[in-house]
Amino acid sequence: MLTTTFTTAQLRSAVTAAVRAPSLHNSQPWRFRLVDGAIEVRLDPDRRLIACDPTGWAARLGCGAALFNMRLALAVRGVPAQVRLRPDPADPPLLARLVPGEPRAATPTESRLYAAIARRRSNRSPFRPDPVPPPVRRRLIGAAQVEGGWLELVIGSTAVGAVAEIAMSASRVLDRDPGYQAEVARWVRHFPAPDGVPAAAGGPVAEPQDLLPQRPFGDRHRGPGRDFENEPLVAVLGSTGNTPSDQLTAGQALQHVLLAVTDAGLAASMLSQPIEVTQAREQLRLALGRFGSPQMVIRIGYGQPGRPTPRRDPVDVIDTVQEE
């Protein structure tokens, strides 16, 4: 029997999965509500990062990742959703509306990715040098493609070095901005909190020999022999364009890739510095020889389980809609 409306219980289940999505500085820039039986994903303007994300690109990417988690949560309950992105131009904070689709059982892939949601976390520590097998690499490329995005794996020390230099240059530009530095510092948590990045999860303090840039989240100095890998698997995720809808699509592709990484027993961390700096983003696109727009740089490899970051309670991000 075709269900025409989602229930409050289904909303809560979907939001429980949604809040586990990644977001820049773990700012969690989303809100959700049930309106006429449809689930709405909305941008929370109070959680925009003014210095780090002046255009809202990162907030929309995070909301797209949350949307992908919601799709999985609903699918495993037999009520897959049909999604319309930015359905009302007169209401810009409304990013997506989900309505019930044809009932069906979840696919094995959906079930595996849903199970990976609780285990996925950013790992900012060094990875082991073991190479990522070709079948897994192909799977990650396919994960991005099925969501309408693309994933370019950067192969070879010369290519990785070129991307790393773009990322480092972008990081230096950002570090010269006092407003950026202050905003990053505000999201580092040295005490229990439902958002932000705990210092313990921030990774080791950066060293001059590091190939890729790191945010100044962590305060732990690494021991001898604990340098980062010399030639990490670096991937660039992108979309065909860079409109708000493209960014939401990229967020879904990003989360599909990250969950596939987790399901394969791998770890990942994200580097957005070369995306945040306009000139660096274009340099990255040209270096890859790709059409479209890079949306995230991802470092992938084998590592110890990453430390979890906190999330707000689903009740705190669900809005109650008053009846007319």
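Mentor: Let's start with Glu 183, which counts as buried because its relative accessibility is 4%. Keep in mind as we go that this is a predicted model. The side chain of Glu 183 meets that of Arg 186 in a salt bridge, with 3.9 Å from N to O. That value falls within the 4 Å cut-off, so the pair counts. Both residues belong to helix H6, which covers residues 178–186, and they sit three residues apart, about one turn of the helix. Arg 186, for its part, counts as exposed because its relative accessibility is 51%, and the cut-off for exposed is over 50%.

Next, take a look at Arg 189 and Asp 195, which form a salt bridge with their closest N and O atoms 3.0 Å apart. Arg 189 has a relative accessible area of 13%, so it is buried. Asp 195 is buried too, at 8%.

Now for Arg 215 and Glu 276, whose side chains meet in a salt bridge at 2.3 Å, N to O. This pair links distant parts of the chain, 61 residues apart: Arg 215 lies in the loop between strand E7 (197–198) and strand E8 (233–239), while Glu 276 lies in helix H8 (residues 273–276). Both Arg 215 and Glu 276 are buried.

Finally, a network of salt bridges links Arg 33, Glu 40, Arg 42, Asp 91 and Arg 97. Across the model, the count comes to 18 salt bridges.

Conventions:
Residues are numbered from 1 along each chain as its sequence is written. This is a predicted model: local features need pLDDT of at least 70, side-chain atom pairs count only at pLDDT 80 or more; totals for chains, interfaces and linings use all residues. Side-chain values use heavy atoms; hydrogens and water are left out. Helices (H or I, at least four residues) and strands (E, at least two) are DSSP runs, numbered from the N terminus. Buried means under 20% relative accessible area, exposed over 50%, partly exposed in between (1.4 Å probe, protein chains only).
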